[in-house]
Amino acid sequence: MEATLLCSTGLLLRHGNSAILIDGLNGCHGSFKQIDRALAKQIIQGTLPPDAHIDGLFYSHLHPDHYDQLDNAAFLRNHPRVVTFFPTPEMPDHGILQAGAFTVEYQYHEHMPCNYVWAKHYTFFVQAGETSFYLTADAELSPEKHRAFLHGRIADHGFFNAVYLSYPETRQLLRETTRHAWIYHMPEPETDSSGICKKAAKNLARYGEEVPNVTVLEQYPTVILR
């Protein structure tokens with residue numbers, strides 16, 4: 001299994017010659033990292049990853065820091081048979097899709113409160129081979145909803161927004177529901193005008209003993225598993 005964080009919350013997961021992309025072909029929004037344009041072109045043309053093909057294209061929601069309409073349209077013109085998940089108001093709240101070697105279970109979970117336009121938001125539990133991932137994107141801080149979806153499962157790798165480090169009940173969630181919790185959707189430190197990076201570092205320094213399984217991801221791309 002291989003996993004690479006390409007941008008913001010954009011993950012490329014690969015198992016053998018099968019790969020899926022989650023929130024990967026994203027756009028520009030604030031200080032959140034857009035996928036490198038050369039990398040996006042490789043994905044659209046089908047030259048990334050080498051010796052593998054993308055079997056699935058999944059989106060937690062359609063805000064621009066997670067999704068770019070033009071890039072996705074270009075990708076689908078070149079890869080019309082790829083399994084896709086684009087959240088719309090009509091999308092079922094729960095379901096399971098198979099994309100190559102990957103089983104992707106999805107669950108509706110409200111977006112964190114924000115001033116941006118409403119979008120239907122989902123979390124994903126992904127399995128391939130012996131490895132599992134739980135991806136939460138901008139999911140509202142609701143430990144009971146996460147636990148209800150996971151129903152006792154412990155993900156090998158969980159991906160959470162930095163604000164999950166701020167509260168004891170969400171730190172407990174990171175500790176108890178994932179073997180390794182990754183904090184993603186981080187601005188690059190040199191462009192972070194919001195203070196998210198500093199607050200995450202402060203929280204990790206203060207509460208690190210509560211969450212020894214947590215790593216903060218601030219660089220793009222970052223290889224997580226190889």
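In this predicted model, His157 sits in strand β10, which spans residues 155-161. His157 is buried, since its relative accessible area is 11% and the cut-off for that label is under 20%. Which residues does His157 touch, not counting those up to four places away in sequence? They are Thr131, Ser132, Phe133 and Tyr134, together with His180, Trp182 and Leu225.

A second residue to look at in a strand is Asp55, which belongs to β4. Asp55 also counts as buried, at 15% relative accessibility. Leaving aside neighbours within four places in sequence, Asp55 is in contact with Ser18 and Ala19, with Val82 and Val83, and with Ala99 and Gly100.

**Helix pairs**

Let us turn to the helices. Helix α1 covers residues 37-45 and helix α2 covers residues 69-78; their axes come within 8 Å and cross at roughly 30°. Angles under 35 degrees count as roughly parallel, and α1 and α2 are therefore roughly parallel to each other. On the α1 side, the contact is made by Arg37, Ala40, Ile43, Ile44 and Gln45. On the α2 side, Asp71, Ala74, Phe75 and Asn78 take part. Sorted by class, this contact of α1 with α2 has 5 nonpolar, 2 polar and 2 charged residues.

The other pair is helix α3, residues 143-150, and helix α4, residues 168-177, whose axes come within 10 Å and cross at roughly 20°. α3 and α4 are therefore roughly parallel to each other as well, and their crossing is left-handed. From α3, the contact draws on Pro143, His146, Arg147 and Leu150. From α4, the residues involved are Glu169, Thr170, Gln172, Leu173, Glu176 and Thr177. How do the residues of the contact of α3 with α4 divide, and how many are nonpolar, polar and charged? There are 3 nonpolar, 4 polar and 3 charged residues.

**Backbone details**

| Residue or bond | Feature | Value |
|---|---|---|
| Leu48 to Pro49 | cis peptide bond | omega near 0° |
| Tyr220 to Pro221 | cis peptide bond | omega near -10° |
| Ser8 | positive phi | phi near 30° |
| Asp23 | positive phi | phi near 55° |

Pro49 is in the loop between α1 and β4, the latter being residues 53-58. Pro221 is found in the loop between β12 (214-216) and β13 (222-225).

The positive phi values belong to residues other than glycine: Ser8 and Asp23. Ser8 is in the loop between β1 (2-7) and β2 (10-15), and Asp23 lies in the loop between β3 (18-22) and α1.

**Cysteines**

How many disulfides does a search of the whole structure find? The search finds 0. Such a bond would be a covalent one between the sulfur atoms of two cysteines. Cys28 is in no disulfide, and the nearest cysteine sulfur, that of Cys7, is 11 Å away. Cys28 counts as exposed, because its relative accessibility is 61% and the threshold is over 50%.

Why is Cys197 too far for a bond? The closest cysteine sulfur, in Cys7, is 15 Å from the sulfur of Cys197, whereas a disulfide needs the two sulfur atoms within 2.5 Å. Cys197 counts as buried, at 7% relative accessibility.

Arg226 is found in the segment after β13. Arg226 is exposed, with a relative accessible area of 78%. Not counting residues up to four places away in sequence, Arg226 touches Met1 and Glu2. The C-alpha atoms of Arg226 and Arg171 are separated by 27 Å, and these two residues are 55 residues apart along the chain.

Definitions and conventions: Residues numbered from 1 in each chain as written. Predicted model: local features only at pLDDT ≥ 70, side-chain atom pairs only at ≥ 80, totals over all residues. Heavy atoms only, no water. Axes fitted to C-alpha atoms, helices over the stretch in contact; angles between N-to-C directions. Helix = DSSP H or I, 4+ residues; strand = E, 2+ residues; numbered from the N terminus. Parallel < 35°, antiparallel > 145°, perpendicular 65-115°, else oblique. Contact = heavy atoms within 4.5 Å. Nonpolar A, V, L, I, M, F, W, Y, C, P; charged D, E, K, R; others polar. Buried < 20%, exposed > 50% of the residue type's maximum accessible area, 1.4 Å probe, protein only. Left-handed = near helix turned anticlockwise from the far one by under 90°.
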